[in-house]
Number of protein chains: 2
Amino acid sequence: MNKRLASPTASVMLDETDRTLLSALADDARQPVSELARRVGLSAPSTAERLRRLEAQGVIEGFTVRLNPCALGYTLQAIVRVKPLPGQLHLVEEVIRRIPEFVECDKVTGDDCFIARLYLHSIDQLDEILAKVTERAETSTAIVKSTPVARRLPPLP
Amino acid sequence: MNKRLASPTASVMLDETDRTLLSALADDARQPVSELARRVGLSAPSTAERLRRLEAQGVIEGFTVRLNPCALGYTLQAIVRVKPLPGQLHLVEEVIRRIPEFVECDKVTGDDCFIARLYLHSIDQLDEILAKVTERAETSTAIVKSTPVARRLPPLP
DNA sequence: CCTGAAAGTAGCACCGC
DNA sequence: GCGGTGCTACTTTCAGG
């Protein structure tokens, strides 16, 4: 579901300072405001106010940690397309939501209703987890071999 | 490509405190160490050292900002499967990497070589952007209608 | 892993443009 | 409107236990 905006009508206007600030935060969200201020060439209070404004406008949703799945023992990643059997759509969504190894799931147009990302400790785990889904849906699974583009910022307006 | 670990052999061991800490950081990565300390029930210095250890071990890759695509004018999101034409695999990867609206791309097993996520200002932009890819690959596109599971942490060991 | 002191940082009120 | 300065309170870091 698309998040509501503080300003409901149009896309927020950003200036060069905002863009630099957002890039710096994308790079390291825990750096102090004083350091961010140095990077954007403003005083700390002004920078802090920019930050608050971007949060209030809804541009910034929050700040989060990026974990290394391998360090947690997730040596495999799969992308699963899921096509629920007739009448099973809502249940399938609930099943996916309840399996914590599904770290992300989008409902999409087209033949496959859901596209989800799955973290696995080993290939054995794949059948084990998908068994809970295949009762109610057809699945097709692709194993991730590499990630040419890791999550990055889109172009900023 | 899977990231190398500080400890090359096995998955890092986490205790309950580490798990609480990581969850708290996933929730808000910018909260002060003193606040994190309160949540895990440790002193600030001990919490800060945990944090440093988790980064050194490679469990924590970094901290980043979550932006609201709608606020930036990206009213549409698409997931594109890409099957390069013979001999075009490397070029296709490069083309995707160069188009900043592709915010994520995985190389996967199976018929479709790449699965990528695309941010769009409008549906018109879809053809415009995919034109650069379809010279060298077959694509199939699914528009995101909603996101039942937004990026979340997997189960922590 | 904790306490305590020193350095650094953030938040606030107020001023200037 | 937006940004800067100076003060106070908080937070982080390091020492030592």
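1. I begin with one contact to DNA. In this predicted model, an N or O atom in the side chain of Ser46(B) lies 2.6 Å from a phosphate oxygen of DNA strand C. The side chain of Ser43(B) also takes part, with an N or O atom 2.7 Å from a phosphate oxygen of DNA strand C. From chain A, Ser34(A) places a polar backbone atom 2.8 Å from a phosphate oxygen of DNA strand C.

2. The surroundings of DNA strand C draw on both protein chains. Chain A is represented by Pro32(A), Val33(A), Ser34(A) and Pro45(A), and chain B by Leu42(B), Ser43(B), Pro45(B), Ser46(B) and Arg50(B). Of the atoms of DNA strand C that come within 4 Å of the protein, 75% belong to sugar and phosphate.

3. Which elements each supply at least two residues of the surface near DNA strand C? They are helix H2 (33-40) of chain A and H3 of chain B. H3(B) gives the most, with three residues. By class, this surface near DNA strand C has five nonpolar, three polar and one charged residue.

4. DNA strand D is likewise surrounded by residues of both chains: Leu42(A), Ser43(A), Pro45(A), Ser46(A) and Arg50(A), together with Pro32(B), Val33(B), Ser34(B), Pro45(B) and Arg52(B). Sugar and phosphate make up 75% of the atoms of DNA strand D that come within 4 Å of the protein.

5. Ser43(A) uses its side chain, an N or O atom of which is 2.7 Å from a phosphate oxygen of DNA strand D. Val33(B) has a polar backbone atom 2.6 Å from a phosphate oxygen of DNA strand D. For Ser34(B), a backbone N or O atom is 2.6 Å from a phosphate oxygen of DNA strand D. The elements that give two or more residues to the surface near DNA strand D are helix H3 (44-56) of chain A, and H2 and helix H3 (44-56) of chain B.

6. Where does the largest share of the surface near DNA strand D come from? H3(A) provides it, with three residues. The residues of the surface near DNA strand D divide into five nonpolar, three polar and two charged.

7. The next points concern the contact of the two protein chains. More than any other three residues, Arg30(B), Arg66(B) and Arg151(B) contribute to the area that chain B buries against chain A, supplying 11% of it.

8. How many salt bridges does the rule find across the interface of chain B and chain A? There are eight. One pair is Arg66(B) and Glu61(A), whose closest N and O atoms are 3.2 Å apart in a salt bridge. Across the interface of chain B and chain A, 45 residue pairs are in polar contact, both residues being at pLDDT 80 or more.

9. Strand S1 (residues 60-67) of chain A runs antiparallel to S1(B), and seven bridges join them. Within this pairing, Gly62(A) has Arg66(B) as its bridge partner in S1(B). Arg66(B) is also the residue that forms a salt bridge with Glu61(A).

10. S5(B) pairs with strands of both chains. With strand S3 (residues 102-108) of chain A, S5(B) pairs in the antiparallel sense over three bridges, and Val149(B) is the bridge partner of Cys105(A). With S2(B), S5(B) is joined by seven bridges, again antiparallel; here Ile143(B) is the bridge partner of Ala78(B).

11. Last, salt bridges in the whole structure. A search over all chains finds 34. One joins the side chains of Arg98(A) and Glu94(A), at 3.6 Å from N to O. Arg98(A) and Glu94(A) are separated by about one helical turn because they are four residues apart in helix H4 (residues 89-98) of chain A.

Terms used:
Residues are numbered from 1 along each chain as its sequence is written. Chains are lettered from A and ligands numbered from 1 in the order in which they are written. This is a predicted model: local features need pLDDT of at least 70, side-chain atom pairs count only at pLDDT 80 or more; totals for chains, interfaces and linings use all residues. Side-chain values use heavy atoms; hydrogens and water are left out. Buried area is the accessible area (1.4 Å probe) that two parts lose on being put together, summed over both. A salt bridge is a side-chain nitrogen of Lys or Arg within 4 Å of a carboxyl oxygen of Asp or Glu. A polar contact is a pair of N or O atoms within 3.5 Å; within protein, one must be able to donate a hydrogen and the other to accept it, and residues adjacent in sequence count only if both atoms are side-chain atoms. Two strands pair if DSSP finds at least two bridges between them. A residue is near a molecule or strand if one of its heavy atoms lies within 4 Å of it. Ala, Val, Leu, Ile, Met, Phe, Trp, Tyr, Cys and Pro count as nonpolar, Asp, Glu, Lys and Arg as charged, and the others, Gly among them, as polar.
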